[in-house]
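Reader: Could you show me the structure, so that we can go through its charged side chains and one of its strands?

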Amino acid sequence: MDRALTAEPVAGNSAKHPVNHSATHSEPPLRPRRRPAAWAAGLLLVVPAVISACRFLDTDGISPVPQLLSLLPWLSVPAGLAVLLAAFAGRRALTLLAVVVLGAVGWSSLPYMPQLVHAYGLPITEVTVLAANVEYGQGTGALTEAIRRERPELVFVSECDPACGRALTTAFAAELPHHASVDAGGASGSVLLSAYPLTDERVIPAAMGMPGATAEIGGMPVRLQLVHPLPPVPGQVDAWKRELGRIADATRHETGPLLLAGDFNASQDHAAFRRVLDVGHLSDSARLANTSRTPTWPMEGPLPPFAQIDHVLVSRDFTVRSIRFLDLAGSDHRAVLASLDLRGER
C-alpha cells in the first residue's frame, strides 16, 4: 500500500513533464564564450559573399563594390577566418556557409581567360614593350634609366606632364624618334614613344590622355593604344565605366594586330576590364606568362601592393616571350616590361 502511494506522484510527474526527444537533434545552444565567435564569423562573411557574388554575376556594381573587387583574392583571409570561428562556435550551418563563401572567393580569383592562346603565323620580329605610370612625372628619372637599360621599341607613359614628355623625347631622340602624345599637366599628360614610324594618330576622349597610333612593325601595320582611364574612386565610378567602355569600343572593329598598354585602373576582377578583353579579342600578357596576380599598385603608402592594374594587352597576332615588373623610384606603380613576338605571313 505504501509502495503504491509513493509510485503515483512519480507517474503523474512524468506525465506533466514529457521528455522532448526532438530537442536532441537540434544544434545545442551557444555557450556564452562562443557566441561572440559566431557573430564575428557572420560579420566576416558579409564582404567576401557580396564581392564574390558580384564576380559571379559579372558586374562591378556601385561603390564600394568596384573598390573592393580590387581586393578579391585577399578576401580569402576573412572568409578563412570565418570558417575557423564558425567551427569553434560549434555552428554547423554557419560553418558550411563559411566554407561555401571561401570556395566562391577561391573560384572567383582564378585567372581570367585561358593561359594558352594560339597565335597565327610565323614569328616576324621581336618587340619589347614598356608601360609605366610615372605619377605626375615624379618617376621620369627612374623610367629614363629603365629605358636605357632595357631598350624597348615601344614605351607607353601615363601621368607624363610636359616636362616629362620633353625629357623623354629629348633623351631618346635617336632610339625612339617617333611619338604620339597628349600634352597636359598633372595626371592628364601621356606620351607614346616608338622606334617605328607612327601614322593615323587618334586620341580616345577621356579625362586623362589616351593617345593611339598605327606603327609599321616588320612590314605589318600594328594598332597601338595607350590606356589610362579614370580610377574607380567613389563619385566617379560611372565615368570609369564609361571610359573603359570607350576603350572597348575603339578596339571592337580592329581586325589587324592590336596592342594596348598602360595604367587601366582596373584588374582582371573588374567586369569593365574583362569587357575590353572580350570585345577586342585580346589577351593579357601577364596571364599568358602566368603572372596575372603580380601586383603593380600601390608601391607607396602604408599598404603593400595588392592589385595588378597595369597591363599589356595583345591580339592573337602576338605571343609572349617573357614579362617582368620593374620598380620605379618616385612612382606608385610598377612598370610592365613585355617581350613579344609579332607573328604573321612572311
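Predicted model: local features only at pLDDT ≥ 70, side-chain atom pairs only at ≥ 80, totals over all residues.

Reader: How many salt bridges does the count come to?

Author: The count comes to 12 salt bridges, and among them is the one between R293 and D269, with N and O 2.8 Å apart. R293 lies in the loop between α10 and β10, while D269 lies in the loop between β8 and α9, so the pair ties together parts that are 24 residues apart in sequence.

Reader: And is D269 buried or exposed?

Author: D269 counts as buried, at 2% relative accessibility, whereas R293 is partly exposed, with a relative accessible area of 33%.

Reader: Which residues are linked in a network of salt bridges?

Author: That network links D200, R202, R223 and E254.

Reader: Switching topic, which residues of β2 are buried on each side?

Author: On one side L154, F156 and S158 are buried, and on the other V155 and V157 are, so that both faces of β2 are covered.

Reader: Which strands does β2 pair with?

Author: β2 pairs with β1 in the parallel sense over five bridges, and with β4 in the antiparallel sense, also over five bridges. S158 is the bridge partner of N133, while F156 has L192 in β4 as its bridge partner.

Key
Residues numbered from 1 in each chain as written. Heavy atoms only, no water. Buried < 20%, exposed > 50% of the residue type's maximum accessible area, 1.4 Å probe, protein only. Helix = DSSP H or I, 4+ residues; strand = E, 2+ residues; numbered from the N terminus. Pairing = 2+ DSSP bridges. Salt bridge = Lys/Arg side-chain N within 4 Å of Asp/Glu carboxyl O.
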